[in-house]
Amino acid sequence: ALEEAGIHDETLVVYSSDHAGNCGEHRALDHGGLTEESIRVPLVMAGPEVQAGTVVETPVSVLDIFPSICESLGLALPQDKLGVSLWGASRGASDPALPEFALCQFHATGYPGSGFALRAGEWKYVECVGERPMLFHLGKDPFEMHDLVVERPNDPEVTATVRRMRQMLCGVCSPEAVDARAKADQSAL
């Protein structure tokens with residue numbers, strides 16, 4: 001259709017989707033969780049200057065779409081927007097501005113506490129307010145069946161990774177404060 005309209009060579013296409021349902025994985029049939037099946041979504045870019053076949057290994061966020069489009073058009077990013085531009089990375093350039101991690105949050109009415117999931121490399125850290133954290137090594141455990149906090153509680157690598165990823169999370173937000181705001185908003189509704 002872009003070729004037929006004569007705009008193929010000047011159109012940036014960005015494809016993503018809403019998060020998925022679990023489809024029975026982890027005995028869940030809805031969106032309500034922080035497993036990879038529920039939170040992982042595609043993000044594909046194509047168009048002028050986008051290098052075909054480039055894969056960004058660093059987890060990115062759908063929040064990065066708006067800054068990417070702004071940069072591709074030469075527009076300044078408004079200061080109140082979250083996310084970073086993937087424009088340089090989409091053209092095959094290494095980009096030191098890409099964050100080391102991607103964050104997902106879950107706040108549902110009636111749940112005891114908000115949930116937060118951080119992906120950094122092959123590590124995934126999950127924290128639900130009021131509960132103990134969870135840690136998974138997705139390279140070795142892609143289905144998140146082995147919570148290393150439980151299985152290897154005294155392993156120095158596990159404790160150091162939990163500490164580092166908790167610091168990353170707290171560098172973005174206070175999980176307890178976000179949870180309190182979410183519950184106050186839900187109560188007000």
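**The model.** I note that this is a predicted model, in which local features need pLDDT of at least 70, side-chain atom pairs count only at pLDDT 80 or more, and totals for chains, interfaces and linings use all residues. Residues are numbered from 1 along each chain as its sequence is written, and side-chain values use heavy atoms, with hydrogens and water left out.

**Around Ser-90.** I located Ser-90 in helix H4; helices (H or I, at least four residues) and strands (E, at least two) are DSSP runs numbered from the N terminus. Leaving aside neighbours within four places in sequence, I found Ser-90 in contact with Met-45, Glu-49, Val-50, Gln-51 and Thr-54, where contact means heavy atoms within 4.5 Å.

**Glu-49 and Arg-91.** I then followed Glu-49, which forms a salt bridge with Arg-91, the closest N and O atoms being 3.4 Å apart. A salt bridge is a side-chain nitrogen of Lys or Arg within 4 Å of a carboxyl oxygen of Asp or Glu. Glu-49 lies in the loop between strand S2 (43–46) and H3, and Arg-91 in the loop between H4 and S3, so the pair ties together parts that are 42 residues apart in sequence. I recorded Glu-49 as exposed at 56% relative accessibility and Arg-91 as partly exposed at 35%.

**Other salt bridges.** I read that the structure holds nine salt bridges. One of them joins Glu-144 to Lys-124, with the closest N and O atoms 2.9 Å apart. Both Glu-144 and Lys-124 are buried. I also found Glu-127, Arg-166 and Glu-176 linked in a network of salt bridges.

**The sheet.** I traced an open sheet of four strands in the order S3-S4-S5-S6, with antiparallel pairing; two strands pair if DSSP finds at least two bridges between them. Strand S3 (102–106) and strand S6 (134–137) stand at the edges, each with a single partner strand, so one side of each is left without a neighbour in the sheet. Five bridges join S3 to strand S4 (residues 115–120). I saw that Phe-106 stands opposite Gly-115 in S4.

Key: Buried means under 20% relative accessible area, exposed over 50%, partly exposed in between (1.4 Å probe, protein chains only).
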